[in-house]
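Here is a short briefing to read alongside the model. Please keep the structure open as you go through the points.

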Amino acid sequence: MMMVKAASIVNESASWYLKMKGDLEQIFTQDKIALTTAYNKKTSAITKKYNALLNKLEDGEGKGEEEEEMERMKKARCEEYNKESQQYLSDLAKLTNQFAQKSELVSRIFFRDYANWMPVQLNDNSNRFLLDAQAKYITDVKKIRSHPGQSNGKKIIVPTLKERWGWALQRSGSTVTP
């Protein structure tokens, strides 16, 4: 009777674990995409705003005031970009930490149940299930820490440095390797 109960607990815990991990990854991915999309819209608006203003000014000789105004606008553009980037990275860090904490809790609960109930299910008094659960838990936590939202092979598309700052690098003549 106890073996049947243990099997039921292990199976329910495993299905709960898989469902929760998938749901957490899906929510994280959707939130990250939404956050990145909002960031990209804001930076595009900044680019359009300052490109329109800079295009009105002409860069020529004898126009020192216009050159100073252009430099002031470029500085203001960079300050706005930095402000938006800082906010984006702060929000992304919160989102990633929240995902990691929830995923770790799900893993901890599942592997606790696995370590406690597998020996009962199989009528095995050895500690191999405890050791197995510990090893798998550590592997799971490593995956969470190294690739949040990607433990099931799905990739999250985030703009690269070159994609985000390509316009600034082209103007300055610098290059970035991905």
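A residue is called buried at under 20% relative accessible area, exposed at over 50%, and partly exposed in between (1.4 Å probe, protein chains only). This is a predicted model, in which local features need pLDDT of at least 70 and side-chain atom pairs count only at pLDDT 80 or more, while totals for chains, interfaces and linings use all residues. Residues are numbered from 1 along each chain as its sequence is written, and side-chain values use heavy atoms, with hydrogens and water left out.

**Overall picture**

- The protein has four helices and zero strands, where helices (H or I, at least four residues) and strands (E, at least two) are DSSP runs numbered from the N terminus.
- Read from the N terminus, the order of elements is α-α-α-α.
- Of the 178 residues in the protein, 30% are buried.
- Taking contacts (heavy atoms within 4.5 Å) between residues at least 6 apart in sequence, 74% join residues at least 24 apart.
- The accessible surface, from the Shrake-Rupley method with a 1.4 Å probe, is about 12200 Å², and carbon and sulfur atoms account for 55% of that surface.

- Helix 3 covers residues 128-146, and its 19 residues should span 27 Å at 1.5 Å a residue, which agrees with the 27 Å between its end C-alpha atoms; the expected span is 1.5 Å times one less than the number of residues.
- The buried residues in helix 3 include F129, A133, D140, V141 and I144.
- These residues cover an arc of only 100 degrees around the axis, so they sit on the same side of helix 3; the arc is that of the directions from the helix axis to the C-beta atoms.
- On the face turned away from the buried side, helix 3 carries the exposed residues K142 and R145.

**Salt bridges**

- Side chains of opposite charge can pair when their charged atoms come close.
- With a salt bridge taken as a side-chain nitrogen of Lys or Arg within 4 Å of a carboxyl oxygen of Asp or Glu, the count is ten.
- D140 pairs with K21 in one of these salt bridges, with the closest N and O atoms 3.4 Å apart.
- Because D140 lies in helix 3 and K21 in helix 1, the pair ties together parts that are 119 residues apart in sequence.
- D140 is buried at 8% relative accessibility, and K21 is buried at 9%.
- D23 forms a salt bridge with K19, where the closest N and O atoms are 2.6 Å apart.
- D23 and K19 are four residues apart in helix 1 (residues 2-56), so about one helical turn separates them.
- D23 is partly exposed at 27% relative accessibility, whereas K19 is exposed at 51%.
- E104 forms a salt bridge with R108, with 2.9 Å between the closest N and O atoms.
- E104 and R108 are four residues apart in helix 2 (residues 64-122), so about one helical turn separates them.
- R108 is partly exposed, with a relative accessible area of 44%.

**Aromatic residues**

- The whole structure holds seven aromatic pairs, where rings of Phe, Tyr and Trp (its six-membered ring) pair if their centres lie within 6.5 Å, and planes under 30 degrees apart count as stacked, over 60 as edge-to-face and the rest as tilted.
- The ring centres of Y114 and F129 are 6.2 Å apart and the planes are at 75 degrees, so this pair is edge-to-face.
- Y114 lies in helix 2 and F129 in helix 3, so the pair ties together parts 15 residues apart in sequence.
- Both Y114 and F129 are buried.
- One aromatic cluster is formed by Y17, F110, F111, Y114 and F129.
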